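Please open the model in your viewer and keep the selection panel at hand.

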Amino acid sequence: MKILSILAIAASLLVPAAVEAAVNKGVVGSDHDFSKTNYLAFNTRRGVCTPCHTAHATDPAQIAPLFAHKTSTGPFTMYSSPTIKHTPGTVPDGASLACLSCHDGTIGVNSPIQGTQGGISTNTPVFVQPNHKVGPDLHTDHPISFVYDAALAAASGELENPVTYKIGDPKTTLTVQTPPVPATWTGTDLTGKTIDEALLVNHKMQCTSCHDPHWIKGNTPLRGQATIVDGNDADGRGSLMCRTCHIK
Ligand code: HEC
Ligand code: HEC
Ligand code: HEC
Ligand code: HEC
């Protein structure tokens, strides 16, 4: 009986990874599912993708692929510190700017780039909740919108080289070398890819280096705040995401 229950516990510890992986993908059911009933007042056609993308007449600047939402103009304050080795830009760009177009709280979620595109009613602006507001003052947020390349890694000395370090590789330069992303995640679309391939956009660090707006990318066992890399390493430690890029 005792042995059986120990086996059952062991099995239950192993199972969630596989089960959660199956349910944690996709926009529907996620926080970005604006087809949910509480959004029907503005999303008249219950579009799942249309609040962010449409097929035609999208954002001329293409900050994100076929982006159909108005773009925030801030005004933004970027992260800076005496110890960073990259030169911060003056404004966020690319995918980060797309995220901030809802998340900095200056523009409503229901703000198509033109008219009522996608059947989105703009009558009453709906803003992100205060606890989901990020920016436009970004000086207390992880830096974004800069190139993270081999040169930056070399200048820092405490960042993995994003073009050679593969997710799941041991941290060879640290005393404890346990890879942040465990070997049990092999076969996901993250392990075996370089940081540059899996987490950067045009070699740039963006909000999407840590989050996927379509829920999660890999078959990561756990999910928190739509983060791409989440869960615990082989030794049960967290902060996998941070320890993937940082040599700390
Ligand atoms: C909350 C806004 C949002 C919603 C909803 C959304 N997307 Fe996206 N999508 C983005 C952003 C921002 C990017 C650029 C960042 C990235 O690549 O993840 C993007 C990128 C993409 C890309 C190109 C890059 C990639 O990740 O493959 C495709 C294809 C895409 N979205 C399809 C869809 C489809 C299909 C839906 C509906 C099922 C959808 N998106 C819903 C915001 C959204
Ligand atoms: C069209 C508007 C819109 C865009 C674009 C958008 N979001 Fe969101 N996001 C929301 C809303 C609305 C919520 C739900 C919570 C709320 O109402 O404040 C949310 C929730 C989230 C959450 C919380 C998820 C959770 O599980 O708790 C994260 C993280 C997030 N967004 C990140 C991003 C990132 C990163 C991007 C860009 C890649 C992005 N969002 C683009 C509107 C948007
Ligand atoms: C270095 C990784 C990283 C980057 C870059 C990043 N985030 Fe996050 N984000 C996180 C983590 C981790 C959490 C969960 C925090 C927690 O639970 O305390 C989070 C939480 C959030 C939340 C949920 C509410 C909150 O504040 O806890 C939102 C919304 C969000 N991020 C949006 C963004 C946006 C927009 C950007 C780009 C401007 C961004 N994130 C960039 C790692 C990141
Ligand atoms: C995709 C890679 C990546 C991820 C994931 C990541 N970082 Fe970073 N982080 C960077 C880069 C690149 C810099 C800029 C370093 C520089 O310019 O010297 C940075 C900067 C920082 C800084 C500021 C350093 C300074 O000198 O001011 C801190 C602190 C930090 N990250 C902590 C974290 C934490 C905590 C997490 C996890 C929530 C995290 N990072 C996740 C790549 C990443």
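How many aromatic pairs does the count come to? The model is predicted, so to speak of local features requires pLDDT of at least 70 and side-chain atom pairs count only at pLDDT 80 or more, while totals for chains, interfaces and linings use all residues. Residues are numbered from 1 along each chain as its sequence is written, chains are lettered from A and ligands numbered from 1 in the order in which they are written, and side-chain values use heavy atoms, with hydrogens and water left out.

**First stop: the aromatic rings**

The count comes to two aromatic pairs, where rings of Phe, Tyr and Trp (its six-membered ring) pair if their centres lie within 6.5 Å, with planes under 30 degrees apart counting as stacked, over 60 as edge-to-face and the rest as tilted. Select Phe34 and Tyr39: their ring centres are 4.9 Å apart and their planes stand at 85°, so this pair is edge-to-face.

Phe34 is buried at 7%, Tyr39 is buried at 17%, and Phe42 is buried at 4%.

**Second stop: ligand 1**

Select ligand 1 and the 14 residues around it (a heavy atom within 4 Å). Val48, Cys49, Cys52, His53 and His214 come nearest. Polar contacts are pairs of N or O atoms within 3.5 Å; within protein, one must be able to donate a hydrogen and the other to accept it, and residues adjacent in sequence count only if both atoms are side-chain atoms. A polar side-chain atom of His53 lies 2.7 Å from a nitrogen atom of ligand 1, and one of His214 lies 2.9 Å from a nitrogen atom of this ligand. Domain 1 (18-141) and domain 2 (148-248), with bounds from an automatic or database domain assignment, both give residues to the shell, so ligand 1 lies between them.

Move to ligand 3 and select its iron atom. The only protein donor (N, O or S within 2.8 Å of the metal, or 3.2 Å for Na, K and Ca; water is not among the atoms, so sites may look incomplete) is His211 through NE2, at 2.0 Å. Around ligand 3 are 15 residues, of which Asn131, Cys207, Cys210, His211 and Gln225 come nearest. Ligand 3 also lies between domain 1 and domain 2, because both give residues to its shell.

Notes
Buried means under 20% relative accessible area, exposed over 50%, partly exposed in between (1.4 Å probe, protein chains only).
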